[in-house]
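Grab the viewer and let's work through a few packing exercises. Each one has a task, then a solution in steps.

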Amino acid sequence: MSVRAVVCTGYGKPVEVVELPDLVPGPDQVVVEVEAAGVNFVDGLMVRGGYQIRPPLPFTPGYEVAGRLADGRRVVAITGLGGFATRVLVHRAQAVPLPEGFDMLAAATFPQSYCTAMYALRERGRLLPGERVLVLGAGGGVGLAVVQVAKALGAVVLAAASTGEKRERARRAGADDAIGYDGLKEAARSWGVDVAVDAVGGELSEQALRGLREGGRLLVVGFASGGIARLPANQVLLRDRAVVGVDWGAWSMGHAAENRVMLEGLLAMPGIVPAAPEVRPLAEAGRAMDDLLERRVTGKIVLVPSS
């Protein structure tokens with residue numbers, strides 16, 4: 001049996017769907033028959049050669065999948081690479097059973113976004129119940145996950161997004177209010193924001209920092225806008241603010257057991273219900289990654305090999 005997979009043969013070049021030899025699992029590996037693969041910002045960056053990790057060429061992108069093991073068990077898995085395929089090899093410990101009734105398509109969008117959200121808020125941001133959270137990029141996959149996880153942890157959430165459609169999506173995810181980016185600093189100050197989660201970067205990072213109350217924390221998750229902010233140190237000193245890096249990907253690779261516990265807890269957490277993703281066939285992987293990088297997507301996309 002061959003494997004149909006998306007392959008990147010050169011950074012910045014269009015990806016191709018090709019037939020590859022069948023997979024042979026090692027002693028600690030299992031084969032997941034992929035039913036859906038989540039498409040993430042990091043996948044597109046890797047293909048363009050813009051990520052800090054540059055996989056050796058050729059490679060198959062795809063950070064997370066949902067599917068079945070040979071015995072029929074439904075699982076979700078963090079793959080890092082290889083997920084945009086009909087079958088993928090994963091370490092046995094990375095195949096996490098899905099709760100009964102958990103939608104397979106939604107599961108394929110779950111690990112990266114929701115683990116990033118929990119790691120950011122609980123481990124790095126030390127969020128307390130009742131605190132106020134500002135979410136930048138709240139209409140994207142990570143942003144929507146941060147909204148839901150923050151609410152589940154007892155926070156009050158102000159969502160910020162670029163379009164009315166994205167703001168409405170954030171409200172449906174549980175945000176207490178949603179705003180555009182005009183007047184972001186003033187809105188944050190009037191809300192009394194304790195924690196700002198920033199996956200956007202650029203000039204919005206400084207506005208979010210300046211809007212924090214005393215003891216506020218700016219959590220730096222990513223730079224979807226393409227711009228890396230140069231933050232004024234005096235704004236960190238003033239009012240005892242903090243700027244905190246959030247690198248869940250690196251942490252998860254070095255703390256696989258702890259990350260599995262986090263993922264299992266999130267899958268079972270009340271109130272955590274990922275929105276239905278946009279479904280595309282495997283052949284549209286390149287366009288899907290481009291749409292994410294160009295910020296034309298609300299929520300998340302999954303690739304379905306069978307379609």
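**Exercise 1: a helix pair**

Task: find which residues of α3 meet which residues of α4.

Solution: Gln-112, Ser-113, Tyr-114, Thr-116, Ala-117, Met-118 and Leu-121 in α3 meet Gly-141, Val-142, Ala-145, Val-146, Gln-148, Val-149 and Ala-150 in α4 (contact means heavy atoms within 4.5 Å). Sort them by type and you get 9 nonpolar, 5 polar and no charged residues (Ala, Val, Leu, Ile, Met, Phe, Trp, Tyr, Cys and Pro count as nonpolar, Asp, Glu, Lys and Arg as charged, the others, Gly among them, as polar).

Before going on: this is a predicted model, where local features need pLDDT of at least 70, side-chain atom pairs count only at pLDDT 80 or more, and totals for chains, interfaces and linings use all residues. Numbering starts from 1 along each chain as its sequence is written, and side-chain values use heavy atoms, leaving out hydrogens and water.

Next, the geometry: α3 (residues 110-124) and α4 (residues 141-152) pack at about 55°, axes 8 Å apart.

**Exercise 2: aromatic pairs**

Task: how many aromatic pairs does the structure hold, and how are the rings of Phe-102 and Phe-110 arranged?

Solution: there are 5 aromatic pairs (ring centres within 6.5 Å; planes under 30 degrees apart are stacked, over 60 edge-to-face, the rest tilted). Phe-102 and Phe-110 have centres 5.6 Å apart and planes at 90°, so they're edge-to-face. Both Phe-102 and Phe-110 are buried (under 20% relative accessible area, with a 1.4 Å probe and protein chains only).

Key
Axes fitted to C-alpha atoms, helices over the stretch in contact; angles between N-to-C directions. Helix = DSSP H or I, 4+ residues; strand = E, 2+ residues; numbered from the N terminus. Phe/Tyr/Trp six-rings, centres within 6.5 Å; stacked < 30°, edge-to-face > 60°. Buried < 20%, exposed > 50% of the residue type's maximum accessible area, 1.4 Å probe, protein only.
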